[in-house]
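Hi there,

Here is the structure I promised to pass on to you. Have a look at it first, and then read my notes below.

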Amino acid sequence: MPDLPTPQDAAEAALFSECWDAVLSYADLCTSGSTAANQLAREAFALGIREARAAEESTRHGAGRRASRLPRIPLLLTAVRTTAAAWEAVGQGHKLDPDLRLWLNSGKAARYTGPPLRRPIALRGLRDMQEPDAALLWLAEVEALPLRAVARRQGLDPAAAMEELNQVRGLFRDRCHRNHLDTPMDAECRSYVRLLDAVTRSPVAETPEDLSRHLATCVECAEAAACLRLHGGGLPAALAQGVIGWGGLAYLERRRRAAEVRMGAGRPVPDPDGEWGDPAANKARTLRNGLLVAAVLVSALALAVSLMPFGESDDSAQGGLPTDSTPVAGAGSPAGPSAGPGTSPSSTDTGTGTPSGTPSGSAKPSGGGTPSATTRTDPEPQGTSSSTERTAACEVVYDLVNQWPDGFQATVTVTTAEALDSWRVAWSFRDGQRVDQMWDAAVAQDGPRVTASAADYNKDVPAAGSLSFGFLASWQNKNTAPYAFSLNGKACTLS
């Protein structure tokens with residue numbers, strides 16, 4: 001399995017972080033298992049980066065118009081398709097998805113590597129654009145990134161980003177129209193070229209019946225129509241299918257779902273400057289938060305009232321109820337309250353050596369002299385059998401895959417003793433590392449603590465099964481391994 005290329009500078013490191021997740025996502029669609037997906041992604045990523053660097057080097061030292069090429073992400077995705085075809089050719093096709101194998105051995109795949117004028121219109125149109133324009137179009141339409149985030153990555157003014165994107169869409173349409181005219185076609189297709197251009201320009205124009213019948217039977221003209229019609233929301237699908245080929249629509253859906261997971265489904269999307277983009281959504285969120293706070297206060301008041309009879313005793317006549325909740329623990333229950341994960345040490349017995357006959361002036365109730373009420377300790381592992389069971393519930397393997405100045409790639413594999421219908425893996429960094437990109441999980445980081453949450457497609461894990469995900473992160477000065485791994489709040493052992 002080849003090593004991933006090392007970024008040449010900080011700018012390329014940022015590109016690697018952005019591109020690897022896309023490559024692995026498509027490789028996962030193309031293969032029959034996670035191991036094969038990782039292998040295919042690594043080979044394709046190495047191939048694509050070599051091709052991109054070679055093209056940039058030839059442009060830098062060459063003269064005249066640059067050779068047409070795709071921006072980084074679509075270039076790397078086509079490298080996945082090329083690598084998959086190479087696997088099929090050398091007898092490693094059993095690692096690929098069966099439907100992909102059928103596609104690779106059909107005439108559909110040959111269109112992407114055959115004569116340039118026979119290749120899909122979207123692929124040719126995107127290649128003919130300047131790379132920054134093509135990258136803006138791909139990131140906004142296919143990768144489904146927020147437009148303000150795309151504008152900042154591309155060095156554009158966020159306020160003018162929509163206008164810039166509309167201009168790029170128009171430019172893409174013009175390139176596709178020109179390429180459609182250049183495509184070798186029969187007399188019937190040629191007779192519909194001008195009509196197809198006119199119909200797709202207008203959002204209200206109806207498609208004539210004869211043109212509709214022709215588009216239902218002609219693949220090339222139907223592809224051109226999808227690229228020329230900028231309204232209606234079909235441009236992302238036209239780009240994904242035309243550039244990637246097999247699995248284009250599935251990849252598009254996966255990227256949209258990944259964007260929803262990253263941003264939080266159902267929540268307003270924050271812009272890169274930390275402001276909420278939708279004022280109406282901001283008001284709705286404030287109202288919901290206010291209602292939630294009110295509900296919590298009402299619930300707390302009801303709970304306090306319901307507990308008052310248990311606290312009424314001779315002590316209440318002497319000074320009323322204490323301000324803390326300790327009388328509840330001494331309400332006559334033999335076992336006392338369970339010290340759950342959310343219980344603070346101050347609400348439990350911290351003096352393990354204090355006898356049960358504590359004087360009545362102590363701040364802690366004696367619990368009627370029952371040993372279980374006085375020996376209850378905090379929930380942290382203390383070497384007991386319950387602590388052993390908790391740490392044995394999961395086992396973590398942390399693998400530092402690759403490292404370069406200021407950045408690294410790592411994978412986390414967790415084996416669980418129990419079956420899971422969802423999972424959340426957390427850990428802490430020691431040296432201020434920051435996660436930039438994560439695949440097969442949604443990431444959240446608060447200081448040194450990182451939390452990875454399951455995606456929709458990998459949230460179910462059988463008993464004695466394992467889950468895995470990977471990430472790219474930045475580091476400075478030191479990059480020691482993380483610690484304090486947990487699975488759904490339960491501590492894990494680190495192998």
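Helix H7 (residues 131–141) packs against helix H14 (residues 235–244) at an angle of about 115 degrees, and their axes are 10 Å apart. Axes here are lines fitted to C-alpha atoms, for helices over the stretch in contact, and angles run from 0 to 180 degrees between N-to-C directions. Helices (H or I, at least four residues) and strands (E, at least two) are DSSP runs, numbered from the N terminus. The angle makes H7 roughly perpendicular to H14; under 35 degrees counts as roughly parallel, over 145 as roughly antiparallel, 65 to 115 as roughly perpendicular and the rest as oblique. Leu137, Trp138 and Glu141 of H7 meet Leu235, Pro236, Leu239, Ala240, Val243 and Ile244 of H14, where contact means heavy atoms within 4.5 Å. By class, these are eight nonpolar, no polar and one charged residues. Ala, Val, Leu, Ile, Met, Phe, Trp, Tyr, Cys and Pro count as nonpolar, Asp, Glu, Lys and Arg as charged, and the others, Gly among them, as polar.

Before going on, please keep in mind that this is a predicted model: local features need pLDDT of at least 70, side-chain atom pairs count only at pLDDT 80 or more, and totals for chains, interfaces and linings use all residues. Residues are numbered from 1 along each chain as its sequence is written, and side-chain values use heavy atoms, with hydrogens and water left out.

Now for another helix pair. Helix H9 (residues 161–182) and helix H13 (residues 219–228) have axes that come within 9 Å and cross at roughly 160 degrees, and are therefore roughly antiparallel to each other. On the H9 side the contact has Phe172, Arg173, Cys176, His177 and His180, which meet Cys221, Ala224, Cys227 and Leu228 in H13. That contact has six nonpolar, two polar and one charged residues.

Next, the sheets. E1 and E10, in contrast, pair in the parallel sense over two bridges.

Another open sheet of five strands has the order E5-E6-E3-E8-E9, and its pairing is antiparallel. Its edge strands are strand E5 (441–446) and strand E9 (490–491). Strand E3 (residues 424–428) pairs with strand E8 (residues 483–487) over three bridges, and the bridge partner of Ser428 in E8 is Tyr483.

Finally, which cysteines form a disulfide? They are Cys394 and Cys492, with sulfur atoms 1.9 Å apart; a disulfide is a pair of cysteine sulfur atoms within 2.5 Å. The pair links distant parts of the chain, 98 residues apart: Cys394 is in strand E1 (residues 394–404), and Cys492 is in the loop between E9 and strand E10 (493–494). The torsion about their S-S bond is about -95 degrees, so the disulfide is left-handed.

Enjoy exploring!

Best wishes

Conventions
Pairing = 2+ DSSP bridges.
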